[in-house]
Amino acid sequence: MTTAKKTTGARQGFKTGEAVVYPAHGVGRIVAIEEQEIAGYKLELFVVSFEKDKMVLRVPTAKANSVGMRKLAEPELVKKALDVLTGRARIKRTMWSRRAQEYEAKINSGDLISVTEVVRDLYRSEAQPEQSYSERQLYEAALDRIVREISSVNKITETEALKLIEQSLAKSPRRGKSEAEADGDAEGDDLQEEAA
């Protein structure tokens, strides 16, 4: 038998009403902190709602950090993520199944920069060949995660966040030469020096 008692306040640095990122599901909002009794043990839980997915997740407050639940990224990290999108895609020459597993792991890591790298690597412009179904699925999952986080951090709509992302992708070297790629892209720097 389980009983639930709703409480409010802050636990583990998180508070009710706050938007958070849960690695496997993206951006959600803590709607309550509950105390439940399960098999005679009292357990305190964050109730995290993912409105877009119509899902509610209960995360033990003591396990929040160990499962990777985190606060939204700082605006500086969002800016860095948008800069990552302007870099050259880094696609390993391994079998697709192995790359797909790596992309999936990056998406589920909950790390904004890792998820952004997946978007950068799988992006296709109109002039490029069509993506396979599985590539498209991974691309859309990663894109959805960063759109939700950027819109939450910058307090803009998801459509506006998507436009920001598309503008950054348009600056990347593969889709039209740009000097913006020079920032911290080691592979790109080597190629630029050879071309010079």
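**Pockets, hairpins and a helix face**

In this predicted model, the lining of the largest pocket comprises five nonpolar, three polar and five charged residues. Of the 13 residues that line the largest pocket, Tyr123, Arg124, Glu126, Gln131 and Arg136 lie nearest its centre. Helices H4 and H5 each supply at least two residues of this lining, and H4 gives the most, with three residues.

The second largest pocket holds about 260 Å³ of space and is likewise lined by 13 residues, with Val27, Gly28, Arg29, Glu51 and Ser152 nearest its centre. Two or more residues of this lining come from each of E5, E6 and H4. By class, the lining of the second largest pocket divides into four nonpolar, four polar and five charged residues.

Strands E5 (residues 26-38) and E6 (residues 41-50) pair in the antiparallel sense over nine bridges. Within this pairing, Phe46 in E6 is the bridge partner of Ile33. Two residues separate the strands of the E5 and E6 hairpin, in which Ala39 takes a positive phi near 50°. E6 also pairs in the antiparallel sense with strand E7 (residues 55-60), over six bridges, and here Phe46 stands opposite Val59. The hairpin of E6 and E7 has four residues between the strands, and Lys54 takes a positive phi near 50° there.

In helix H1 (residues 75-85), the residues Val78, Ala81, Leu82, Val84 and Leu85 are buried. Viewed down the axis of H1, these buried residues fall within an arc of 150°, and therefore line one face of the helix. Their cover includes helices H3 (112-122), H4 (133-154) and H5 (158-170).

Note on methods. Residues numbered from 1 in each chain as written. Predicted model: local features only at pLDDT ≥ 70, side-chain atom pairs only at ≥ 80, totals over all residues. Heavy atoms only, no water. Pairing = 2+ DSSP bridges. Buried < 20%, exposed > 50% of the residue type's maximum accessible area, 1.4 Å probe, protein only. Arc of directions from axis to C-beta. Contact = heavy atoms within 4.5 Å. 1 Å grid on protein atoms, 1.4 Å probe; cavity = no way out; pocket = protein on both sides within 12 Å on 5 of 7 lines; lining within 4 Å. Nonpolar A, V, L, I, M, F, W, Y, C, P; charged D, E, K, R; others polar. Points joined across faces, edges and corners; volume = space filled by probe spheres on them.
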